[in-house]
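This report describes a two-chain model, from the build of each chain to the contact between them. Please consult the sequence and the structure alongside the text.

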Amino acid sequence: MNNIKAIDDYLLGSMAPGDKLLFEANMLLNNDLVNDMEHQQNTYTVIRQYSRQKIKGEIVAVQKILATAPQHMGFMDRIVNLFKKY
Amino acid sequence: MNNNRLSTVEQREAFFVALYKKAFPNVARYIARMGGNLEEAQDIFQDALVIYYEKVASAQAEIIVSEKAYLLGIAKRLWLQHYKAGLKNQPLNDFDIEVVPDEQLATNKLLHYLETAGKKCMELLKAYYYDHLPVGDVATLFGYSGTHSATVAKYKCLEKVRETVKQNSLNYADFIE
C-alpha cells in the first residue's frame, strides 16, 4: 500500500496525535518515506500553481466580458477615463 | 466559510464580475494616481482577485468585512511590491502571505505537461486542495457516485501527479526557463 493518504494527512495536519508520532518515527528510519513526502509537498505546490493559472484565466475572461458585453457597457470606459486625468 | 456558491465556473464568474464592479474603480484610481497605466491596473487587480479568491476559498477563511477595502489593500501591497521596487512583471507566484518552499519548482513546462496529460486529475485536485470544495460537491461536479468514490479518485490522482513530479525531480534543471 502506498503512503499517499498518510502523507496527505500528515502534511495537511489532519493526522491523529498518536499516528503522527508513529509517522515521525517512521521518517527517521525510512528514507523512501522522506523522499515521497518531499515529492508530495512539491505536488501540492504544482497543484497550486496549476490552480492559480486556471483562476487567473477565469478572471481575465471576466475582464473581457466587462469590456465587451452590452450589459456592462460603459464600465471599462469609465476606468479608461481615470487614466486620462493624470 | 461555505464556498458552495463558488463551485462552478458560472458561479465564480458572477463572483468576479461583482468584485470588478465594486472594487476595480478604486484600485484603478489608486494606480492612476501612483503613475501607473491601465494595463498595470488590470494586472494588479487580477492578481489581487486571485489572492482574494484564495482567502475566501481557504479552509481557514476569515470574515472579511469590506471586500472593497480588502482588495484595495492587496492591490496597494502588490503595487508597492512589484512596481515601486522596479520589479515589473514579476509573476504572482513570487507573492504570497505564506512562504512556500520550492515555489519556483512548478514551472510552465511541467504544468503544461500535466494539463495535457492529466487534466481531469489536475481539475479534481484543484477542486480539493485549492477551491476547498466539500467532498459531496466534488463528487457531483466530477460525476462520481458518492463521496467515497471521489475520495478514492483524489488519492489516485495525487499518486499519479506525485509520480510525475518524482520522475521529473532529477531533471528540474530542464524545466527552468
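The model is predicted: local features need pLDDT of at least 70, side-chain atom pairs count only at pLDDT 80 or more, and totals for chains, interfaces and linings use all residues. Residues are numbered from 1 along each chain as its sequence is written, while chains are lettered from A and ligands numbered from 1 in the order in which they are written.

**The two chains**

Helices (H or I, at least four residues) and strands (E, at least two) are DSSP runs, numbered from the N terminus. A residue is buried if 20 or more other C-beta atoms lie within 10 Å of its own, exposed if 12 or fewer, and partly exposed in between, with C-beta atoms placed from the backbone.

| Chain | Secondary structure | Buried share |
|---|---|---|
| Chain A | four helices, zero strands | 20% of 86 residues |
| Chain B | eight helices, zero strands | 31% of 177 residues |

Chain A follows the pattern α-α-α-α along its sequence. Its radius of gyration, taken over C-alpha atoms, is 24 Å, well over the 12 Å that the globule rule (2.2 Å times the number of residues to the power 0.38) gives for 86 residues, so chain A is more spread out than a compact globule. The C-alpha trace of chain A spans about 65 × 30 × 20 Å along its principal axes.

The elements of chain B run α-α-α-α-α-α-α-α from the N terminus on. Two residues are in contact if their C-beta atoms, placed from the backbone, lie within 7 Å. Among the contacts in chain B with a separation of 6 or more, 62% join residues 24 or more positions apart.

**The interface**

The contact between the chains takes 35 residues from chain A and 44 residues from chain B. On the side of chain B that touches chain A, at least two residues each come from helix 1 (9–33), helix 2 (38–57), helix 4 (108–117), helix 5 (119–130) and helix 7 (147–169) of chain B. Helix 1 of chain B gives the largest share, 13 residues. By class, this side of chain B has 27 nonpolar, five polar and twelve charged residues; here Ala, Val, Leu, Ile, Met, Phe, Trp, Tyr, Cys and Pro count as nonpolar, Asp, Glu, Lys and Arg as charged, and the others, Gly among them, as polar.

**Helices 5 and 7 of chain B**

Helix 5 and helix 7 of chain B pack at an angle of about 115°, with their axes 9 Å apart. The axes are lines fitted to C-alpha atoms, for helices over the stretch in contact, and angles run from 0 to 180 degrees between N-to-C directions. Helix 5 of chain B contributes B:Cys121, B:Leu124, B:Leu125 and B:Tyr128 to the contact, and the residues from helix 7 of chain B include B:Ala153, B:Cys157 and B:Val161. The residues of this contact divide into eight nonpolar, no polar and two charged.

**Nonpolar cores**

A nonpolar core is a set of buried Ala, Val, Leu, Ile, Met, Phe, Trp, Tyr and Cys residues joined through C-beta atoms within 7 Å. The largest has 27 residues, and those with the most contacts inside it are B:Val27, B:Ile44, B:Phe45, B:Ala48, B:Leu49, B:Leu71 and B:Ala75. Helix 3 (31–68) of chain A and helix 1, helix 2 and helix 3 (67–84) of chain B each supply at least two residues of this core. Leaving aside neighbours within four places in sequence, B:Ala48 is in contact with B:Val27, B:Leu71, B:Ile74, B:Ala75 and B:Leu78. A second, separate core of 20 residues includes A:Val46, A:Ile47, B:Leu124 and B:Tyr128.

**Two residues of chain B**

B:Ile31 is found in helix 1 of chain B and counts as buried, because it has 27 C-beta neighbours inside 10 Å. Not counting residues up to four places away in sequence, B:Ile31 touches B:Gly36, B:Glu40, B:Ala41, B:Ile44 and B:Trp79.

B:His132 lies in the loop between helix 5 and helix 6 (135–142) of chain B. With 17 C-beta neighbours inside 10 Å, B:His132 counts as partly exposed. Most residues other than glycine have a negative phi. Phi of B:His132, by contrast, is near 50°, a positive value.
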